[in-house]
Amino acid sequence: HSEMTALTQGDIARMQDTQRSHMMDCCTILKFTPGAVNPRGYADPSYIVVRERVSCGLQHSRVNSEAMLKAAEGTQVPMFDGTLRMPIDTQISALDRVKITHRFGVSVSDGELLEVVGTPRRGPSGLLASVKRVTVQ
């Protein structure tokens with residue numbers, strides 16, 4: 001029977017540095033703010049840039065043919081389109097959005113606009129957030 005040793009602060013710092021160096025994308029964090037109340041009585045959301053040039057790694061979900069068929073039949077809609085990895089110190093919530101500005105190190109003028117789905121998960125080396133494409137702005 002082997003004992004598992006706890007990670008040291010140095011181990012965790014090295015893991016975080018490695019994670020950050022492998023993030024090949026870059027994004028802007030857009031913070032949710034409730035907007036003015038519209039004629040229907042609801043607040044229209046607005047988003048303000050709170051941080052630019054954030055290292056990240058976007059991985060699109062692979063949807064299998066069975067899930068696509070169920071979605072086409074109207075019985076199932078994918079809850080998210082991918083996963084976004086971010087540095088551990090990134091401040092982001094389930095109400096925020098992310099704009100991809102660089103993909104694999106190359107600037108993209110029409111980068112994807114994504115909304116965070118659920119609470120981002122914290123691991124020892126970074127944050128993971130499920131994201132969904134924003135189709136209506």
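Tyrosine 47 is partly exposed, at a relative accessible area of 26%. Its partner in this predicted model is phenylalanine 32, which is also partly exposed, with a relative accessible area of 27%.

The structure holds one aromatic pair. Phenylalanine 32 and tyrosine 47 make it up, with ring centres 5.9 Å apart and planes at 65°. That angle makes the pair edge-to-face, because the class takes planes over 60 degrees apart. Phenylalanine 32 comes from strand β1 (residues 25-37) and tyrosine 47 from strand β2, so the pair bridges distant parts of the chain, 15 residues apart.

## Overall layout

Zooming out, the protein chain has two helices and seven strands. Starting at the N terminus, the order reads α-β-β-α-β-β-β-β-β. Of the 137 residues in the chain, 28% are buried.

As for contacts, take those between residues at least 6 apart in sequence: 61% of them join residues at least 24 apart.

## The nonpolar core

What sits in the largest nonpolar core? It counts 15 residues, and those with the most contacts inside it are Cys27, Ile29, Leu84, Met86, Ile92, Val98 and Ile100. The elements giving two or more residues each to this core are β1, β2, β3 (82-86), β4, β6 (113-122) and β7 (127-133).

Leaving out residues up to four places away in sequence, cysteine 27 touches Arg51, Glu52, Arg53, Val54 and Cys56, along with Val98, Lys99, Ile100 and Thr101. Val98 and Ile100 also turn up with cysteine 27 in the list of core residues with the most contacts.

Which backbone angle stands out at arginine 53? Its phi is positive, about 55°, although arginine 53 is not a glycine. Arginine 53 lies in strand β2 (residues 43-60), and it is among the residues that cysteine 27 touches. Even so, arginine 53 is exposed, with a relative accessible area of 70%.

Phenylalanine 104 also has a positive phi without being a glycine, with a value near 55°. Its place is in the loop between β4 (97-103) and β5 (106-107). Is phenylalanine 104 buried or exposed? It counts as exposed, because its relative accessible area is 53% and the cut-off is over 50%.

Note on methods: Residues numbered from 1 in each chain as written. Predicted model: local features only at pLDDT ≥ 70, side-chain atom pairs only at ≥ 80, totals over all residues. Heavy atoms only, no water. Helix = DSSP H or I, 4+ residues; strand = E, 2+ residues; numbered from the N terminus. Buried < 20%, exposed > 50% of the residue type's maximum accessible area, 1.4 Å probe, protein only. Phe/Tyr/Trp six-rings, centres within 6.5 Å; stacked < 30°, edge-to-face > 60°. Core = buried A, V, L, I, M, F, W, Y, C linked by side-chain atoms within 4.5 Å. Contact = heavy atoms within 4.5 Å.
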